[in-house]
Amino acid sequence: AKTLGDLPPNICNPSYLAQDAAAIAAAYDNVQLEVLEEDDMSELGMDSLLAVSRGSTNAAKLIILRYTGADPEQKPVAFIGKGITFDSGGLSLKSGENMMQMKFDMCGAAGVIGAFVACAKIQPKLNLVCIVAAVENMPDGDACRPGDVLTSMSGKTIEVLNTDAEGRLVLCDAITYSEKFNPEFVIDVATLTGACVVALGHHASGLMSNDDELADALLAAGDAVVDRAWHLPIWEEYQTQLDSPYADMKNIGGMPAGVLTAGCFLSRFAEDLRWAHIDVAGTAWKWGGDDGATGRPVGLLTQFLIDQAD
């Protein structure tokens, strides 16, 4: 996970992540790989994810790794990783200072891939699906614009007010896609919001969930291995900040409680799932230092899998 996070974005693009996943699948007999190309995603109606990819010459990939360690009929745990291999902000262009570290915007994907590899090594008696939404967010002439209205795979429509709030646009389609596996739990991991860094700094990841039992299990796993998270609310009162006159929702909720409204956005696509969201924007790499990616939350996720297998 640290290696993937630290790689430069001219090397670690969506195709590279797919190649890395292929090497993982080749190394273990009970691991299978499927990679969806942009045409496949278009047929599925993933217009929200594809809108983020439109401005880049590097095609998006939806990478699906499956580990079978139990009866194939047993419901799997599903991990989803935000794999924005470089985030310029799109047409809502970041400043140079804010863009410098944006090779790390795929650390959610690096984290779930790292936890998947740990699972394949440990061989717990459970099933695991790892879905990586690998996309590059760039500002060419075909890029998504502020004001565009997108139709997600779920059929829900999204008014884009800021193309730099792109992680939630790829994750929402990946969450909908995860339903096909009939998962026991869905856990997405993302460097989603600078607001999480403001709220929690660099010591705790932000955790939001629609299932208190799942949230408690993740918190306990993180405490056990000192890869800690803090439970944040996604109360109904925050949802109104996402109201749009032109679509079912807008992709940003304004300055107040930005980390929470991002979680509220994702929760709208997980209403029928036992779901949790982990925001690792402050914990996935050492901000401003030379140490690079931390590998978090591999420890938390791996301990959670061990606990579930027990």
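Angles under 35 degrees count as roughly parallel, over 145 as roughly antiparallel, 65 to 115 as roughly perpendicular, and the rest as oblique. The structure on screen is a predicted model, in which local features need pLDDT of at least 70 and side-chain atom pairs count only at pLDDT 80 or more, while totals for chains, interfaces and linings use all residues. Residues are numbered from 1 along each chain as its sequence is written, and side-chain values use heavy atoms, with hydrogens and water left out.

**Stop 1: a helix pair**

Select helix α2 (residues 14-27) and helix α6 (residues 107-122). Helices (H or I, at least four residues) and strands (E, at least two) are DSSP runs, numbered from the N terminus. The axes of α2 and α6 come within 11 Å and cross at roughly 5 degrees; the two helices are therefore roughly parallel to each other. Here axes are lines fitted to C-alpha atoms, for helices over the stretch in contact, and angles run from 0 to 180 degrees between N-to-C directions.

Show side chains next: L17, D20 and I24 of α2 meet I113, F116 and V117 of α6. Contact means heavy atoms within 4.5 Å. By class, the residues of this contact are 5 nonpolar, no polar and 1 charged (Ala, Val, Leu, Ile, Met, Phe, Trp, Tyr, Cys and Pro count as nonpolar, Asp, Glu, Lys and Arg as charged, and the others, Gly among them, as polar).

Keep α6 selected. Of its 16 residues, 13 are buried, and the helix is mostly covered. Buried means under 20% relative accessible area, exposed over 50%, and partly exposed in between (1.4 Å probe, protein chains only). The end C-alpha atoms of α6 are 22 Å apart, which agrees with the 22 Å that its 16 residues should span at 1.5 Å a residue; the expected span is 1.5 Å times one less than the number of residues. Q123 follows α6 and has a positive phi, near 60 degrees.

**Stop 2: the sheet of 8 strands**

Now display the open sheet of 8 strands, whose order is β1-β2-β4-β3-β7-β11-β8-β9 and whose pairing is mixed. Two strands pair if DSSP finds at least two bridges between them. The edges are β1 (31-36) and β9 (229-231), each of which pairs on one side only. From one strand to the next, the twist averages 20 degrees.

Zoom in on β1 and strand β2 (residues 61-68), which pair in the antiparallel sense over 6 bridges. Which residue of β2 is the bridge partner of V35? That partner is I63.

Helix α7 (residues 167-178) lies across β1, β2, β3 (77-87), β4 (127-137), β7 (185-190) and β11 (275-279), and runs at about 155 degrees to β3. Helix α12 (residues 298-309) lies across β3, β4, β7, β9 and β11, and runs at about 170 degrees to β7.

**Stop 3: E38**

Select E38, found in helix α3 (residues 38-44). E38 counts as partly exposed, at 27% relative accessibility. Apart from neighbours within four places in sequence, E38 is in contact with L50, S53, A59 and A60.

**Stop 4: the sheet of 3 strands**

Move to the open sheet of 3 strands, ordered β5-β6-β10 with mixed pairing. At its edges stand β5 (149-151) and β10 (249-250), each with a single partner strand, so one side of each is left without a neighbour in the sheet. Strand β6 (residues 157-159) runs parallel to β10, joined by 2 bridges.

**Stop 5: loops and backbone angles**

Most residues other than glycine have a negative phi, and most peptide bonds are trans. With that in mind, select N182 in the loop between α7 and β7. N182 is not a glycine, yet its phi is positive, about 50 degrees; its relative accessible area of 46% makes N182 partly exposed.

A257, in the loop between β10 and α11 (258-267), also is not a glycine and has a positive phi of about 55 degrees. With a relative accessible area of 28%, A257 is partly exposed.

Next, select P297 in the loop between β11 and α12. The peptide bond joining R296 and P297 is cis, with omega about 5 degrees.

Finish at D272, in the loop between α11 and β11. Is D272 buried or exposed? D272 counts as exposed, at 72% relative accessibility.
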